[in-house]
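Subject: Structure handover

Hi,

Here is the structure for your files. Please open it alongside this note; my findings follow below.

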Amino acid sequence: MRKLLLATTAIALGLSSAAPAFAEFNERNIRVSNGINEDHPVGNGIKAMQACLDEKSGGKLKLTAFWGGALGGDLQATQALRSGVQEAVVTSSSPLVGIIPALGVFDLPFLFASAQEAYTVLDGDFGDMMNEKLEAAGLVNLAYWENGFRNLSNSVRPVTKWEDFEGMKVRVMQNNIFLDTFQNLGANATPMTFGEVFSALETKAIDAQENPYVTIDTSKFFEVQKYVTETNHAYTPFLFLFSKPIFDSYTPEEQAALRECAIVGRDEERKVIQDLNKKSLEKIKEAGLEVNVLSAEEQARIREKSKVVYEKHKAAIGADVVDAILAKLEEIRK
């Protein structure tokens, strides 16, 4: 009888200790805006994050993703977060430079030599410093997800050194840092909307464009190009941003679960996008394009050549930010 009483008491204590964990969670529908489509690796990240939240909150915290800019563009959605009328957005850093100029640091050319180098910087002290700047603007960054490295394709010649850019007509985003980067290398940098790129390449109005492998693949640029060079000239992260006014209204347990599960989602999204990039590169090679990788020596040489771009945009980005990331990279590379 005594054993039965002890066992019953233990079960009751176990239930009472489990109950308060879920009691600290409220039923919440968290709207997450995205500019990309659901079949992008961000979709895999959202699923992994939701599975994590289900476990931690007993199914009370629900993510509802809106794809393809259904809730507006990334900048519009981010402003809605700051106003406290929308919960979350997954966005590239580039569109937000007007709100937080420091994010322009991720547009600087040839900043990161590898994805692992980027992860070390973003997931460490430098990432924390940037997160503080975001919070001051009314945004909580739960984790840095991956948009990825941009690489060059062209129809003129292989690019093995910076001199090979000379005179090449390269389409770039309407972004001053990108314009200055390619002009500094001797290219004829041509701003153009993305929708015009394929036909411009096909008609030889431009010679080259720069995008991640997945985009070169899915946009079929390999049909109108001959060469691809792994330049890794720009790495832009995705940020999983949450509205600070809304986040501050959540319980500590809810906040902790969102931060922890955003990291679970981050790791899955990064893995999927890396795998997808490898598959896209194989498809590009199978299409008959000549593919080469810039050597580490040439990467260092181009990085040195690009210092003038860093200096030109340093004040706008923030000298503290540029100096901090360069110091961190120097430490990593020792």
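Axes here are lines fitted to C-alpha atoms, for helices over the stretch in contact, and angles run from 0 to 180 degrees between N-to-C directions. Helices (H or I, at least four residues) and strands (E, at least two) are DSSP runs, numbered from the N terminus. This is a predicted model, so local features need pLDDT of at least 70 and side-chain atom pairs count only at pLDDT 80 or more, while totals for chains, interfaces and linings use all residues. Residues are numbered from 1 along each chain as its sequence is written, and side-chain values use heavy atoms, with hydrogens and water left out.

**Overall**

The chain has 13 helices and 9 strands. Its C-alpha atoms fill a box of roughly 90 × 45 × 40 Å along the principal axes. Of its 334 residues, 52% count as buried. Buried means under 20% relative accessible area, exposed over 50%, and partly exposed in between (1.4 Å probe, protein chains only). Contact means heavy atoms within 4.5 Å. Among contacts in the chain with a separation of 6 or more, 76% come from residues 24 or more positions apart.

**Helix pairs**

Two packed helices are described by the angle between their axes and the distance between the axes.

Start with H2 (residues 41–57) and H10 (residues 252–286). They pack at an angle of about 150°, with their axes 7 Å apart. That angle makes H2 roughly antiparallel to H10. The cut-offs: under 35 degrees is roughly parallel, over 145 roughly antiparallel, 65 to 115 roughly perpendicular, and the rest oblique. H2 passes H10 in a right-handed crossing. A crossing is left-handed if the near helix is turned anticlockwise from the far one by less than a right angle, and right-handed if clockwise.

Which residues of H2 and H10 make the contact? On H2, they are Pro41, Val42, Asn44, Gly45, Ala48, Met49, Cys52, Leu53 and Lys56. On H10, they include Ala257, Leu258, Cys261, Ala262, Val264, Gly265, Glu268 and Val272. By class, this contact of H2 with H10 has 14 nonpolar, 3 polar and 4 charged residues. Ala, Val, Leu, Ile, Met, Phe, Trp, Tyr, Cys and Pro count as nonpolar, Asp, Glu, Lys and Arg as charged, and the others, Gly among them, as polar.

Next, H6 (residues 176–184) and H12 (residues 307–317). They pack at an angle of about 165°, with their axes 9 Å apart. That makes H6 roughly antiparallel to H12. H6 passes H12 in a right-handed crossing. H6 contributes Asn176, Ile177, Asp180, Thr181 and Asn184 to the contact, and H12 contributes Val308, Val309, Lys312, His313 and Ile317. By class, the contact of H6 with H12 has 4 nonpolar, 4 polar and 2 charged residues.

Leucine 179 also lies in H6. Its relative accessible area is 17%, so leucine 179 is buried. Leaving out residues up to four places away in sequence, leucine 179 touches Val172, Ala189 and Pro191. Leucine 179 and proline 191 are 12 residues apart in sequence and 7.5 Å apart in space, C-alpha to C-alpha.

**Buried helix faces**

In H3 (residues 74–82), Asp74, Ala77, Thr78, Ala80 and Leu81 are buried. They sit on the same side of H3, because they cover an arc of only 155° around the axis. The arc is that of the directions from the helix axis to the C-beta atoms. The buried residues of H3 pack against strands E1 (28–34), E3, E4 (139–154) and E8, and against helix H9 (244–247). After H3 comes glycine 84, with a positive phi near 80°.

In H11 (residues 296–305), Glu298, Gln299, Ile302 and Arg303 are buried. Their arc is only 140° around the axis, which puts them on the same side of H11. They pack against E8, H12 and helix H13 (319–333).

**Loops**

Most residues other than glycine have a negative phi. Phenylalanine 110 has a positive phi, near 55°. Its place is the loop between strand E3 (88–92) and helix H4 (115–122). Phenylalanine 110 is at 1% relative accessibility, so it counts as buried.

Lysine 220 also has a positive phi, about 60°. Lysine 220 lies in the loop between helix H8 (213–218) and strand E8 (227–243). At 43% relative accessibility, lysine 220 counts as partly exposed.

Best wishes
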